[in-house]
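Thanks for coming. Please have the sequence and the model open.

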Amino acid sequence: ILPRSYFVYLALNYKGKFFSHISLKPLIKEDLRLFTNPACLNPKTVVAEITQACDAAESFLVKAAPVILDWLNVYGYHRSTHRQRMTQTMEFFADLQIEADHLDRLLHDITEKTNPGSERPNVSAFGCWLLNYLVQVHVIMLMEYLL
């Protein structure tokens with residue numbers, strides 16, 4: 001039986017990549033696209049053509065990848081340091097939530113400027129996705145500590 005730390009060392013040792021060749025950023029982008037389909041990631045919308053919106057979304061994705069990788073790395077630690085590492089990871093998620101709120105506000109303003117009478121203004125796509133992800137993390141934590 002391989003210890004958990006050995007698996008994490010093999011699978012998640014490289015910055016932002018699984019097994020040194022699968023990048024997290026496209027996986028996060030696809031997950032966002034499937035969950036909330038934000039306007040800046042949808043090539044059919046006008047907002048996707050605005051460079052400021054695309055740059056802000058890319059910046060968020062770049063910041064989200066190490067946080068999610070850190071959360072995955074937590075499972076390689078021993079049970080005694082697990083809780084401390086999860087606390088640090090939750091602090092990173094809180095910072096990422098602030099970033100998601102800023103991005104959603106920016107995208108809402110851009111949507112209002114480009115399409116003033118829009119039926120579907122930009123909802124908080126990034127914030128909702130991150131909140132869903134955090135709820136899943138908390139459920140996993142609860143189930144793990146109850147067993």
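**Contacts, core and helix packing**

Leaving out residues up to four places away in sequence, Asp70 touches Arg85, Thr89 and Phe92, where contact means heavy atoms within 4.5 Å. This is a predicted model, in which local features need pLDDT of at least 70 and side-chain atom pairs count only at pLDDT 80 or more, while totals for chains, interfaces and linings use all residues. Residues are numbered from 1 along each chain as its sequence is written, and side-chain values use heavy atoms, with hydrogens and water left out.

Back to Asp70, which is found in helix α3. Helices here are DSSP runs of H or I with at least four residues, strands are runs of E with at least two, and both are numbered from the N terminus. Is Asp70 buried or exposed? Asp70 counts as buried, at 13% relative accessibility. The cut-offs are under 20% relative accessible area for buried, over 50% for exposed, and partly exposed in between, with a 1.4 Å probe and protein chains only. Asp70 and Thr89 are 19 residues apart in sequence, and their C-alpha atoms are 6.7 Å apart in space.

Now the whole chain. It has five helices and two strands, and from the N terminus on the order is α-β-β-α-α-α-α. Of its 147 residues, 38% count as buried. The chain exposes about 9,100 Å², and carbon and sulfur atoms supply 62% of that; the areas come from the Shrake-Rupley method with a 1.4 Å probe, and for residues only the protein chains shown count as cover. Take the contacts between residues at least 6 apart in sequence: 66% of them join residues at least 24 apart.

Next, the core. A nonpolar core is a set of buried Ala, Val, Leu, Ile, Met, Phe, Trp, Tyr and Cys residues joined through side-chain atoms within 4.5 Å. In the largest one there are 34 residues, of which Ile28, Leu32, Cys40, Phe60, Phe93, Phe126 and Trp129 touch the most other members. The elements giving two or more residues to this core are α2, α3, α4 (79-114) and α5 (125-146). Which element gives the most? That is α3, with 11 residues. As for Leu32, its contacts beyond four places in sequence include Phe60, Phe126 and Trp129.

On to helix packing. Two packed helices are described by the angle between their axes and the distance between the axes. For α2 (residues 24-35) and α3 (residues 51-73), the axes come within 9 Å and cross at roughly 110 degrees. The axes are lines fitted to C-alpha atoms, for helices over the stretch in contact, and angles run from 0 to 180 degrees between N-to-C directions. The two helices are therefore roughly perpendicular to each other, a term that covers 65 to 115 degrees; under 35 is roughly parallel, over 145 roughly antiparallel, and the rest oblique. Among the residues making the contact are Leu24, Ile28 and Leu32 of α2, and Phe60, Leu61 and Ile68 of α3.

Last, the loop between α2 and α3. Asn37 is found there, with phi near 50 degrees, a positive value in a residue other than glycine. Asn37 is partly exposed, at 30% relative accessible area. Asn42 is found in that loop too but counts as buried, at 16%. Asn42 touches Asn37 and Ala48, again leaving out residues up to four places away.
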